[in-house]
Amino acid sequence: MSIGWEAQDLFVSSAGAAVSVADGGVIIDQGCSIKITRSTTAFGLREWLIRKGVGGKIGATVRCMEKGRFAICSVSQRSPAYVAGLRIGDELMSLGETSLRECSLSDLREPLKTNRRNHLRLCTKDRVGERYITLYKDSGKGYGFRFVQGEITFVRPNSSAEQAGLETRHHIVEVNEEVVVGLQDEDIEAIIWSSMGALTLCILPSRFYNNLLCSLYTLGSAKPLDIVEI
C-alpha cells in the first residue's frame, strides 16, 4: 500500500510509505514498541538513576565534543537508558557526584571503571530548542504538514499542525517517542501512519539539528577514543 500526500494531504517525502494492512490495522515491522514520554523539567536539566542492563551497561554511548562537553550520541532501543528516557543529543553534565565541566573523555572512563553498583546516577541537559507537540487528524485531511528528509517544508493553514504550533524549518527528531534521527522518509511515514490516534512529534529548529549532527557525527571523526559506552 503506497500512501500519497495528494490523497491524504499529510506530507511530501522522497517516497510513499510501504505498509501492510491486516484486519483493519497497520502493521509496522520496524521500530520500538516501547513508548516513553519525557516530562517537562525546569531549565531542561534532568537527574537519572538508571539500573544497568546487559554487560553492566545502560545502553548508551557518549561522545566528547570538546573538553568539558559531552553528548549522548546513541541510545539502544529497549535498553535501560532508552526506557528511562535518555535521548540522542542530550548533554551529559555529571556522572555520579562528579561534574564533567572540566573533564576529558579519559576522566569520564575512570569513574565508569570503578563503579561497582548496579546503577548509574547522571545529570543531563535536554537538546537545545526541542519541543514536543501533539497533533490530531483533521477530518479527511490528515495532519496538515509535509516533510522532506525529516525537515518540515509545509504546514497547511488552519490545520491541526498549524494550531499545534508546527513550523517549517524544523526537523522531526521523534515520532510518538520513537527516535527517527537517521531514518529514511518512508520509514518515518510508516511510523506516523501506524499512529491510530494522537500524533506526538519532537522537533528541533533546523539550525540546531544540523549543528547537533555535525557535532556528533562528523565524517571521519568518530574514532574509538572519542566515544565511550556507558
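The model is predicted. Mean pLDDT for the protein is 78, with 77% of residues at 70 or more. Residues 1-35 have pLDDT below 50, and this stretch makes 83 contacts in the model beyond near neighbours in sequence.

**Largest pocket: size and position**
- The largest pocket holds about 280 Å³ of space.
- Domain 1 (43-126) and domain 2 (131-213) both contribute lining residues, so the largest pocket lies between them.

**Largest pocket: lining**
- The lining of the largest pocket has 15 residues.
- Nearest the pocket centre are Arg69, Gly89, Arg127, Val128 and Leu212.
- β5 (69-75) and α6 (206-217) each provide at least two of the lining residues.
- The largest share comes from α6, with four residues.
- By class, six lining residues are nonpolar, three are polar and six are charged.

**Largest cavity: size**
- One cavity of 30 Å³ or more turns up in a search of the whole structure.
- The volume of the largest cavity is about 30 Å³.

**Largest cavity: lining**
- The cavity is lined by Ile88, Arg127, Val173, Val181, Leu204, Tyr209, Leu212 and Leu213.
- Seven of these residues are nonpolar, none is polar and one is charged.
- α6 again gives the largest share of a lining, here three residues.

Key
Residues numbered from 1 in each chain as written. Predicted model: local features only at pLDDT ≥ 70, side-chain atom pairs only at ≥ 80, totals over all residues. Heavy atoms only, no water. 1 Å grid on protein atoms, 1.4 Å probe; cavity = no way out; pocket = protein on both sides within 12 Å on 5 of 7 lines; lining within 4 Å. Points joined across faces, edges and corners; volume = space filled by probe spheres on them. Nonpolar A, V, L, I, M, F, W, Y, C, P; charged D, E, K, R; others polar. Domains from an automatic or database assignment. pLDDT = per-residue confidence, 0-100. Contact = heavy atoms within 4.5 Å.
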